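Here is a short briefing for a first look. Please keep the structure open while you read.

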Amino acid sequence: MPSLKSLRTRIGSVTNTRKITRAMKLVAAAKLRRAQENIVQMRPYAYRIGDMIAELAVGQDADAHPLLADREPKRTLVLVLTSDRGLAGAFNANVCKATAAWVTDHADSRDHVELHIVGKKGRDYFKRRDVNIGKIHTDVLPDVQWDDAGRIGRDLVAAYVDGQFDEVFVAYNQFKSAIQQDVKLERLLPVHPQDHDVDDSVLAPPSSDTLFEPSQGEVLDALLPRHVDVQVMRCLFESVASEMGARMTAMENATTNAGDLIKKLTLQYNRARQAAITTELTEIVSGAESLKG
Amino acid sequence: MQVEIVTPAGEKYSGEAVAIRAATASGEVGILPGHRDMMTALGTGGCHVQTEAHGEPTTFLVDQGYLQVSQRGAKVIIVTERAQTPDEIDVEAARADLAAAKGELDGSKEAVGSEAWKVKRHAVALAEARLSVAGAS
């Protein structure tokens with residue numbers, strides 16, 4: 001049986017831990033609200049641009065634009081979105097494991113698979129593994145700005161057009177709700193219009209006499225790189241919202257567990273205290289008895 | 001016709017309209033129901049959505065993006081970086097931005113037509129458009 005003093009210290013320390021996890025939960029909940037707003041507002045915009053590309057690309061040759069052209073996948077890039085900070089449950093582990101598994105599955109059929117990583121946690125995970133790591137972005141989170149998404153997007157487009165990579169994927173946690181995040185691995189480049197959730201009514205009959213201003217080529221030229229930036233931004237927003245949701249849930253659980261532990265320890269402490277009192281009483285009584293004798 | 005204005009900060013407008021006038025990259029377009037299917041790059045300027053035949057149009061400041069007419073003129077989608085109503089425009093800030101942007105442009109050493117020059121030119125156009133949409137030009 002642990003001593004009374006050590007029990008008291010443990011109860012104190014678990015109570016402090018609970019204070020911290022509870023505070024972290026509240027902070028995550030507040031940030032989640034912002035992040036959720038961002039992603040919910042962003043989605044229609046991102047999907048609309050996808051729809052427009054789908055319509056533009058209908059009836060176009062795949063080589064109408066370099067970003068639409070399929071090449072034999074020899075060199076592959078995967079952009080992995082993780083977080084800078086931990087204590088978010090399985091958030092980082094899920095996306096990292098899924099990416100690692102994907103890389104293992106596809107490494108044989110490709111000459112070169114490289115990872116670009118957003119977030120310190122992803123960096124730490126892959127640093128110890130046998131993978132090719134290219135760029136690491138650790139200055140983007142948690143307040144994602146358009147400039148950052150634009151920079152990453154331009155990098156990817158430039159590397160793809162250059163021929164450094166034949167395909168580019170992005171792995172991220174898609175935000176479903178505060179308690180649910182799904183790991184997704186989606187193709188960014190080449191742009192496959194049918195990859196996106198296309199609204200059927202919009203795509204209905206691609207009329208052949210659509211007017212383009214300035215020209216179809218120029219509209220595609222401007223829209224495709226923009227589309228990549230927007231998708232990167234959307235994925236970053238999804239990832240940030242997922243991170244906050246995951247952290248909130250994890251901290252909620254930690255707070256509950258700390259509460260249970262405190263209850264258990266308090267019970268143990270009271271039992272030990274009672275045992276000590278009983279022992280003392282027995283000693284007094286037996287001492288008094290022996291004096292009488 | 002059904003009109004939607006979508007920005008990264010959410011859907012700005014969604015509803016029926018009888019006419020639209022918008023600034024494009026190369027001028028201005030007017031769209032009535034039944035317009036031929038079209039896709040055009042937008043410029044920086046006002047986008048006027050008229051909901052009733054003789055009513056006052058609702059005006060938005062639209063900063064680049066695309067306008068798409070589909071379903072034989074029954075649906076118009078405007079996808080843009082930024083859409084603001086006149087109420088949302090801070091006139092004083094726009095005036096200050098205009099002065100600053102003009103100073104930048106006049107003092108710039110970049111060749112006319114270069115990328116850097118275009119960025120500065122766009123800042124001037126955006127500030128001017130904000131003032132004109134807010135009715136304070």
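At what angle do helix α1 and helix α2 of chain B pack, and how far apart are their axes? The angle is about 155 degrees and the axes are 8 Å apart. This is a predicted model: local features need pLDDT of at least 70, side-chain atom pairs count only at pLDDT 80 or more, and totals for chains, interfaces and linings use all residues. Residues are numbered from 1 along each chain as its sequence is written, while chains are lettered from A and ligands numbered from 1 in the order in which they are written.

**Helix pair in chain B**
- Helix α1(B) covers residues 91-107, and α2(B) covers residues 115-133. Helices (H or I, at least four residues) and strands (E, at least two) are DSSP runs, numbered from the N terminus.
- Axes are lines fitted to C-alpha atoms, for helices over the stretch in contact, and angles run from 0 to 180 degrees between N-to-C directions.
- Among the contact residues are B:L98 and B:A101 of α1(B), and B:V124 and B:A127 of α2(B). Two residues are in contact if their C-beta atoms, placed from the backbone, lie within 7 Å.
- The contact of α1(B) with α2(B) has nine nonpolar, no polar and eight charged residues. Ala, Val, Leu, Ile, Met, Phe, Trp, Tyr, Cys and Pro count as nonpolar, Asp, Glu, Lys and Arg as charged, and the others, Gly among them, as polar.

**Sheet in chain A**
- Five strands form an open sheet with mixed pairing, in the order β3-β2-β1-β4-β5. Strands pair if DSSP finds at least two bridges between them.
- The twist averages 25 degrees from one strand to the next.
- β1(A) (75-81) and β4(A) (167-177) run parallel, joined by five bridges. A:V80 has A:A171 as its bridge partner in β4(A).
- Helix α2(A) (91-107) packs on the sheet and touches β1, β2, β4 and β5 of chain A.

**Where the chains meet**
- Chain A has 20 residues in contact with 21 residues of chain B.
- On the chain A side, α1(A) gives the largest share, eight residues.
- That side divides into 14 nonpolar, three polar and three charged residues.
- β6(A) pairs with β5(B) (38-50) in the parallel sense over three bridges. A:F212 stands opposite B:M39 in β5(B).
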